[in-house]
Amino acid sequence: MDMTGEERIAAPRDAVWAALNDPEILKQCIPGCQSLEMKSPTELSAVVKIRIGPVSASFTGDVILSNINAPESYTISGEGKGGIAGFAKGGADVSLKEEGPETLLVYDVKAQIGGKLAQLGARLIDSTSKKLAQQFFTDFTAAVQARVNGAA
């Protein structure tokens with residue numbers, strides 16, 4: 001599964017970069033996130049509970065940040081195991097471009113799934129993934145803007 005997109009956020013690039021690296025903000029924005037813990041500046045562990053069609057699963061996994069070029073871009077990659085539901089692994093290249101007082105966040109995601117999840121069909125997986133990504137960006141944009149407005 002591949003997914004690309006961009007989100008315009010009404011905040012300076014430094015504020016968006018800081019939020020992308022803040023486990024508390026990410027935890028509140030990732031749909032179904034039960035826990036997110038920073039193990040090092042480039043490693044996180046997470047527990048995420050999601051439902052895709054008839055399958056509900058709790059995934060535990062590790063996330064690694066690489067190719068870090070602060071405050072412009074990084075690569076985020078990880079793998080999660082969901083017991084009998086299967087596994088998910090993949091990564092995303094994320095870049096931030098300053099456009100006046102706003103920031104354009106561009107992402108390119110590549111992911112693989114296996115197990116019961118893989119049997120659900122590409123259309124259901126793709127539509128659910130897009131819905132979860134949109135929910136994340138809606139919540140993330142609101143969190144960044146609240147932080148910027150609160151600091152002003």
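This report describes the fold, surface, aromatic pairs and backbone details of a predicted model.

## Basis of the description

Because the model is predicted, local features need pLDDT of at least 70 and side-chain atom pairs count only at pLDDT 80 or more, whereas totals for chains, interfaces and linings use all residues. Residues are numbered from 1 along each chain as its sequence is written, and side-chain values use heavy atoms, with hydrogens and water left out.

## Overall fold

The protein chain contains three helices and seven strands, arranged along the sequence as β-α-α-β-β-β-β-β-β-α. Helices (H or I, at least four residues) and strands (E, at least two) are DSSP runs, numbered from the N terminus. The radius of gyration is 15 Å, close to the 15 Å that the globule rule gives for 152 residues, so the protein chain is as compact as a globular protein of that length. That radius is taken over C-alpha atoms, and the globule rule is 2.2 Å times the number of residues to the power 0.38.

Along its principal axes, the C-alpha trace spans about 45 × 30 × 25 Å. Among contacts with a separation of 6 or more, 49% are between residues 24 or more positions apart; a contact means heavy atoms within 4.5 Å.

## Surface and charge

Of the 152 residues, 38% count as buried. Buried means under 20% relative accessible area, exposed over 50%, and partly exposed in between (1.4 Å probe, protein chains only). The protein chain exposes about 8200 Å², of which carbon and sulfur atoms supply 53%; these areas come from the Shrake-Rupley method with a 1.4 Å probe.

There are 15 positive and 18 negative side chains, and the centres of the two sets lie 10 Å apart. Lys and Arg count as positive and Asp and Glu as negative, while His and the chain ends are not counted. The place of a charge is taken as NZ of Lys, CZ of Arg, CG of Asp or CD of Glu.

## Aromatic pairs

The count of aromatic pairs comes to four. One of them joins Trp17 and Tyr74 in a tilted arrangement, 5.2 Å centre to centre with 55 degrees between the planes. Trp17 lies in helix α1 (residues 13-20) and Tyr74 in strand β5 (residues 73-81), so this pair ties together parts that are 57 residues apart in sequence. Trp17 is buried at 13% relative accessibility, and Tyr74 is buried at 5%. Helix α1 itself is mostly covered, with six of its eight residues buried; among them are Arg13, Ala15 and Val16.

The rings of Phe136 and Phe140 have their centres 5.5 Å apart and their planes at 15 degrees, so they are stacked. Both residues are buried. They are four residues apart in helix α3 (residues 122-151), a separation of about one helical turn. Ring pairs link Tyr107, Phe136, Phe137 and Phe140 into a cluster. Rings of Phe, Tyr and Trp (its six-membered ring) pair if their centres lie within 6.5 Å; planes under 30 degrees apart count as stacked, over 60 as edge-to-face and the rest as tilted.

Asn67 is located in strand β4 and has a positive phi near 50 degrees, in a residue other than glycine. Asn67 is exposed, with a relative accessible area of 58%. Asn69, in strand β4 (residues 55-69), is partly exposed at 39% relative accessibility.

Ala70 and Pro71 are joined by a cis peptide bond, with omega about -10 degrees. Pro71 is placed in the loop between β4 and β5.
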